[in-house]
Amino acid sequence: MDNVITAIRVVPLEHYFFLSFLLFSIGMAGALLRRNIIIVIMCLELMLNSVNLLLVALSAFHGDPGGQVMVFFIMLVAAAEVTVGLAILVQLKRNADGVDINQLNRLKW
Amino acid sequence: MSALIVISVLAVAVLYLGIFSNKNVLAPVTILGLVAATALLASGWYIPHDLLHGMLDFDRTATAFSMGMAVVAMLVFAFGPDYYARKQWHVAEQYALMLFSLVGGLLLASWTNLLMLFLGIEVLSIPLYVLAGGKKRSLRSSEASLKYFLLGSFATAFLLMGITLLYGLTGSFDMGVLGTFMAAQAAPNMMLNFGLFFVLAGMAFKVGAVPLHFWKPDVYQGAPTLVTTFMATVVLMAAIVGLHRFIDVTGMPQSLAATMALLVLATLLVGNLLALRQTNFKRLMAYSSVSHSGFLLLALLANADTVGSTLLYYTFTYALATVGLFILFTIAKRANNGAEHLGIFKGLFAANPVMALCALALLLSLAGIPLTAGFVAKYQVFLLAIGAGWLKVMAFGVLMALVGIYYYVMVARELFLPAEQPVTFTVAPLNGLVITLCTIAVLALGLWPAWLI
């Protein structure tokens, strides 16, 4: 475990921040711009995983295992969330036709 | 803590009951279980509970809010037997999912660790994503569910980013450590500001503050009415108390206060103005809920010592009025073959004066007319805002409360108009009882607010 933490610490913390924010922004842009719902769900996962990356790095730099425990909880909840999301998507596919986000226009204003 | 366990076990038990017995016993069992949970909470009122290595703390605020949520959930479940009587759904799952969601609400009421905040939000939300899509054959319901899910996950990612940044600063998820850190912090710190801002954004989504309110009208309209009732009441209470616990520790630093003030102004303005042009009752209630979130955020902005009791009084009386009105809405909707526009209330006074007067009282309470609980609640919020020196924001709030009166009275007017064609309103005895209870409670709390404050 210790050599993993030393290995993480070799890279300066700013780089982890930079990579994580980049991934978060890519995920956010994708979630806002893409029209295919499956891709949108993938982008949401990307946002969560960018947070995971940052948490592991911060946990190593603080020498506190709490951050890594949090990562497990996030992965667990993300799995539960995506399960529900795909189930909802299947149900929508049955009622509508296809998985394009522009179909979601029955409810507005 | 014992209440948390009781409700979780109850939810699993309800799932099993759904397999082995008929659906008539589900609601009584659920309500009895919630009574037991409330009693357990009440018995531990003055005992400090430090749980899971200090991750949960059932202090008085938490206990009071938990009891409030359990009581409101009981009223919602009492509406269940009649609502589900003519539906072909698997009813046990609906009850169980709502109970799971309530567990998340209890976590949000008592968290002292950012990990528990995250888990509470998710345990609260994930069952709701499913529940919103409860009408399996309805495209609107699926659409509401998917929109809620996508936007909810998006907000969760922001919340997590905020939590991570705060963790990066302090090296701990504990709120006590964060509080000490912030007290020692003199110069403005960009990472701290971003962390606070992201957490606030994630929570503001759940509360439904503008500009993160877009899900609310769509989901309220698309979801089954019983689920909408649950969302408008218990979930709002949970989200508000979760945010309150956060702000209680962090206080109101300058950067956070500016964002909060903007949120309050935007929420009050958009919520009330868009409510004016709604013709669908569920959407009207959604925008009304947005505007009430604005008042609740105003109380949070003031952040005085008494804000907890004000928030409890406000959300509890709002929840009572909302439960009653949604039940009345279902009654009127059935009488009009499933229509949802405001005109469905026409002829209610002629057909059933008692119910019409109850509806009037509940609407006036939401509008904040004196002698009802809604007035006392708004008055308390404005007092807090004055005490904290937010005079201009407070004045804007008063103005928007006046705008709000218009659309509630618009609905109330329909009650007394004659119906265009003859309609029959059937009020099931249990529904009538719940509506009457809500009305009496709203009026009584309006006249003697000291019971709760």
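Two residues are in contact if their C-beta atoms, placed from the backbone, lie within 7 Å. Keep that rule loaded for the tour. The model is predicted: local features need pLDDT of at least 70, side-chain atom pairs count only at pLDDT 80 or more, and totals for chains, interfaces and linings use all residues. Residues are numbered from 1 along each chain as its sequence is written, while chains are lettered from A and ligands numbered from 1 in the order in which they are written.

**Select the contact between chains A and B.** Chain A brings 31 residues to it, and chain B brings 34 residues. On chain A, pick α2 (13-33), α3 (37-62) and α4 (66-95); each supplies at least two residues of the side that touches chain B. α4(A) gives the most, with 15 residues. Now color that side of chain A by residue class: 22 nonpolar, six polar and three charged. Here Ala, Val, Leu, Ile, Met, Phe, Trp, Tyr, Cys and Pro count as nonpolar, Asp, Glu, Lys and Arg as charged, and the others, Gly among them, as polar.

Helices (H or I, at least four residues) and strands (E, at least two) are DSSP runs, numbered from the N terminus. The order from the N terminus is α-α-α-α.

**Switch to C-alpha atoms of chain A.** They fill a box of roughly 55 × 25 × 25 Å along the principal axes.

**Show the contacts within chain A.** Among those with a separation of 6 or more, 50% join residues 24 or more positions apart.
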